[in-house]
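Dear colleague,

Please find below the structure that I am handing over to you. My findings follow directly after it.

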Amino acid sequence: MIEIIHISDTHLKSDARHPHNIRLERALAHIAGKHPKALLVASGDICDNGRRDEFLQAYKLFSKLDNPKLIVKGNHDKDIKGIWPARVLRRFCKKTGIRCPLGSWPWMNKPFCMQSEGGKLLLIGLDSNDDRFGAEGKIGKRQLKWLARNLKRPAQHRIVALHHHPWERDFLCKLKDAEQFLQTVSSANLDMLFFGHRHKPGLWRDRYGIKIISAAGALYDETNYRLFRIHNDGRIDFELEKYR
Ligand SMILES: [Fe+2]
């Protein structure tokens, strides 16, 4: 059995005592205590304004958790000038000698693919941000090709995470190449698709050929997170885990 936890949109602030930061701290402490082996998926907007101090807060909080992590970028993880402060954090890591705990994020402005659970689980994190526009998303032709290629890797279970809602049509919020993205994933025998962005939780079964699609709400607004279990026979169930 494989356990997967989905959180999103933590919108961390520079101040460690800000309620958003405290909420994540509590959630991560709960996960560490109850589900120390679960894969943690965080589907973007980790920071609120892409500020360096916010990234450092994220870094400190996530580094306390030993669980495997799949973290992708959201549109709030860049600053007002559209700059991703990855270089700043890379320097911080080098200086302190601390291993980056954030998986794919925010070190590479490119998608991320890895296999875990002895090759059984294929994890793909996408960068769905359209750098030219505020909250709009775009996967882009190059990344879609990359995605199609990597989804063919042999694995028992396939999981994809991105920040943007793949079929939302709201002005300035939509994923512009949603149709192409859904076409790509719908033929890939995907087990789970995770996203955030709209701060509205949702759960869909058997859509676009995907067993489970999960949209997480904003963590700072909630006192629970979703825990999924992929059973050995391929069945997936989930429950809400409450924490204080
Ligand atoms: Fe958000």
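The largest nonpolar core of this predicted model comprises 54 residues, and those that touch the most other members are Ile5, Val41, Ala58, Ile159, Val160, Ala161 and Leu193. Helix α2, which spans residues 52-63, gives the most to this core, contributing five residues. In general, nonpolar side chains in soluble globular proteins tend to be buried together.

Leaving aside residues up to four places away in sequence, valine 41 touches Ile4, Ile5, His6, Leu70, Ala161 and Phe194. Among these partners, Ile5 and Ala161 also belong to the core members named above.

Turning to the protein as a whole, the model has five helices and eleven strands. Of its 244 residues, 43% count as buried. Considering contacts between residues at least 6 apart in sequence, 69% join residues at least 24 apart.

The axes of helix α4 (residues 141-150) and helix α5 (residues 178-186) come within 10 Å and cross at roughly 10°. Angles under 35 degrees count as roughly parallel, and α4 and α5 are therefore roughly parallel to each other. On the α4 side the contact involves Leu144, Leu147 and Ala148, which meet Gln180, Phe181 and Thr184 of α5.

Asparagine 189 lies in the loop between α5 and β7. Is this residue buried, exposed or partly exposed? Asparagine 189 has 13 C-beta neighbours inside 10 Å and so counts as partly exposed, given that a residue is buried at 20 or more and exposed at 12 or fewer. Between asparagine 189 and glycine 209 there are 6.6 Å in space, C-alpha to C-alpha, although the two are 20 residues apart in sequence.

Finally, a word on confidence. The mean pLDDT of the protein is 86, and 85% of the residues reach 70 or more. Confidence is highest in strand β7 (residues 192-195), at a mean of 98, and lowest in helix α3 (residues 86-96), at a mean of 59. Over residues 100-109 the pLDDT is below 50, and this stretch has 30 contacts in the model beyond near neighbours in sequence.

With kind regards

Notes
Residues are numbered from 1 along each chain as its sequence is written. This is a predicted model: local features need pLDDT of at least 70, side-chain atom pairs count only at pLDDT 80 or more; totals for chains, interfaces and linings use all residues. Axes are lines fitted to C-alpha atoms, for helices over the stretch in contact, and angles run from 0 to 180 degrees between N-to-C directions. Helices (H or I, at least four residues) and strands (E, at least two) are DSSP runs, numbered from the N terminus. Angles under 35 degrees count as roughly parallel, over 145 as roughly antiparallel, 65 to 115 as roughly perpendicular and the rest as oblique. Two residues are in contact if their C-beta atoms, placed from the backbone, lie within 7 Å. A nonpolar core is a set of buried Ala, Val, Leu, Ile, Met, Phe, Trp, Tyr and Cys residues joined through C-beta atoms within 7 Å. pLDDT is the predictor's confidence in each residue, from 0 to 100.
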